Amino acid sequence: MFESLIKWYKDFFGIQDTARTVSTPSSQPPQSNNAKADYHTLGGFNLGLGAIGPANRTDVDQAVLSNMYQTIASGEFNIPVNDNVPSICVDGRCNKDGTREASPSAAGGTLSIVYGADLGGASTSDDTSEIMLATRIANTLKEKGHAIGVHGDDHSNCGCGACAKVKNIYQHIAEKINDIVSMTSQYGITLSQPEKDSIVQHAQNRLNQPDFFAEDRSSVLQHAQECGSMYEELIGAHNELGIALNTRPGTTIDRSAIRAKYGPQYDMFVVDAWTFANAAKEINTNENAMTTELIAKAITLQNVATASVLGHGSLRIIPIS
Ligand SMILES: [Zn+2]
């Protein structure tokens with residue numbers, strides 16, 4: 001049953017990729033510098049409340065940017081990973097030594113699974129606080145042999161936007177569910193009205209629950225480390241210019257290699273969407289395929305909403321299939 005869910009995700013992404021290729025005018029070769037016009041932006045879906053994005057940058061070259069998008073889309077920067085659930089953050093920055101862990105990425109690292117589980121309805125009555133929920137999910141993932149991880153940065157109390165702004169992200173999902181789903185449906189992830197209603201209800205319940213979310217956001221990162229999370233301290237300012245939407249199983253995108261080719265100011269958010277159904281399966285306690293599917297969709301929405309809260313409407317979405 002689960003394999004069919006993975007296939008469902010892959011098939012939908014595959015259909016989108018085929019449709020995109022077919023819709024490219026034959027007079028325009030795929031390597032054309034105009035290809036960036038083929039990529040959706042967050043703004044195209046009425047998303048992108050934040051500041052991170054190419055429209056706010058004076059230090060990037062548009063021709064280089066177009067080349068970078070196409071090269072990322074070609075799969076040139078895909079590198080193998082050893083796990084099939086996300087454990088590092090989508091954040092495009094690197095550690096002090098210029099590297100990142102070669103692990104799958106989602107918004108907040110393991111916290112993406114925590115919030116996705118919550119929004120997807122996989123919380124239990126024992127999950128009375130964010131910390132309790134995060135502990136249970138972390139332990140479940142560890143028991144199943146998965147790496148877990150979070151990050152901060154070198155200048156913030158809580159340097160992970162997915163963690164620092166979790167309430168804004170839940171609020172964003174509640175308010176903009178139709179715009180968010182309009183975007184995901186472009187990539188084959190559709191939600192029924194009852195599915196949307198369920199996720200919005202879970203988001204609103206948490207926002208209305210006093211003291212569920214930790215006041216001190218850095219305490220969530222600290223607690224995750226005490227639970228065994230690997231920790232990355234990322235360096236410097238956000239320079240992300242797009243969102244790499246990676247659906248190629250067994251891989252992530254090599255951020256260091258992108259910088260080596262284009263320059264230190266050329267970063268990308270990396271979303272390893274192929275991992276979301278795996279993560280949902282691993283933390284769903286009732287083994288019901290419908291529940292697993294809803295959790296996978298909730299993880300997807302948490303990733304889009306994080307990008308939309310932190311990122312500018314000019315961020316392009318670059319699928320890699
Ligand atoms: Zn982060």
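The structure is a predicted model, in which local features need pLDDT of at least 70 and side-chain atom pairs count only at pLDDT 80 or more, while totals for chains, interfaces and linings use all residues. Residues are numbered from 1 along each chain as its sequence is written.

The buried residues of α7 are E195, I199, H202, A203 and R206. Seen down the axis of α7, these buried residues fall within an arc of 95°, so they line one face of the helix; the arc is that of the directions from the helix axis to the C-beta atoms. What covers them includes α3 (110–119), α6 (166–186) and α11 (289–310). Helices (H or I, at least four residues) and strands (E, at least two) are DSSP runs, numbered from the N terminus.

One of these residues, R206, is buried with 21 other C-beta atoms within 10 Å. Leaving aside its neighbours within four places in sequence, R206 is in contact with D118, Y170 and F212, contact being defined as C-beta atoms, placed from the backbone, that lie within 7 Å. R206 and S129 are 77 residues apart in sequence, and their C-alpha atoms are 9.4 Å apart in space.

The table sets out two helices, with the expected span taken as 1.5 Å times one less than the number of residues.

| Helix | Residues in helix | First to last C-alpha | Expected span |
|---|---|---|---|
| α7 | 15 residues | 21 Å | 21 Å |
| α11 | 22 residues | 32 Å | 32 Å |

Helix α11 is mostly covered, with 19 of its 22 residues buried. Helices α7 and α11 pack at an angle of about 65°, with their axes 11 Å apart, where axes are lines fitted to C-alpha atoms, for helices over the stretch in contact, and angles run from 0 to 180 degrees between N-to-C directions. The residues that meet are E195, S198 and I199 in α7 and L294, K297, A298 and L301 in α11.

Elsewhere, three strands form an open sheet in the order β8-β6-β9, and the pairing is parallel; two strands pair if DSSP finds at least two bridges between them. The edge strands are β8 (267–272) and β9, each of which pairs on one side only, and the twist averages 25° from one strand to the next. Strand β6 (residues 240–246) is joined to β9 by five bridges, and L245 has P319 in β9 as its bridge partner. Five bridges also join β6 to β8, and N246 stands opposite D272 in β8.

Five of the five residues of strand β9 (residues 316–320) are buried, so this strand is largely enclosed by the rest of the structure. In a regular strand the side chains alternate between the two faces of the sheet. From β9, R316, I318 and I320 point one way, and I317 and P319 the other way.

Strand β4 (residues 149–153) likewise has five of its five residues buried, so β4 is largely enclosed by the rest of the structure. Here G149, H151 and D153 point one way, and V150 and G152 the other way. Five bridges join β4 to strand β5 (residues 230–234), and the two run parallel; the bridge partner of V150 in β5 is Y231.

Methods
Buried ≥ 20, exposed ≤ 12 C-beta atoms within 10 Å, placed from the backbone. Contact = placed C-beta atoms within 7 Å.
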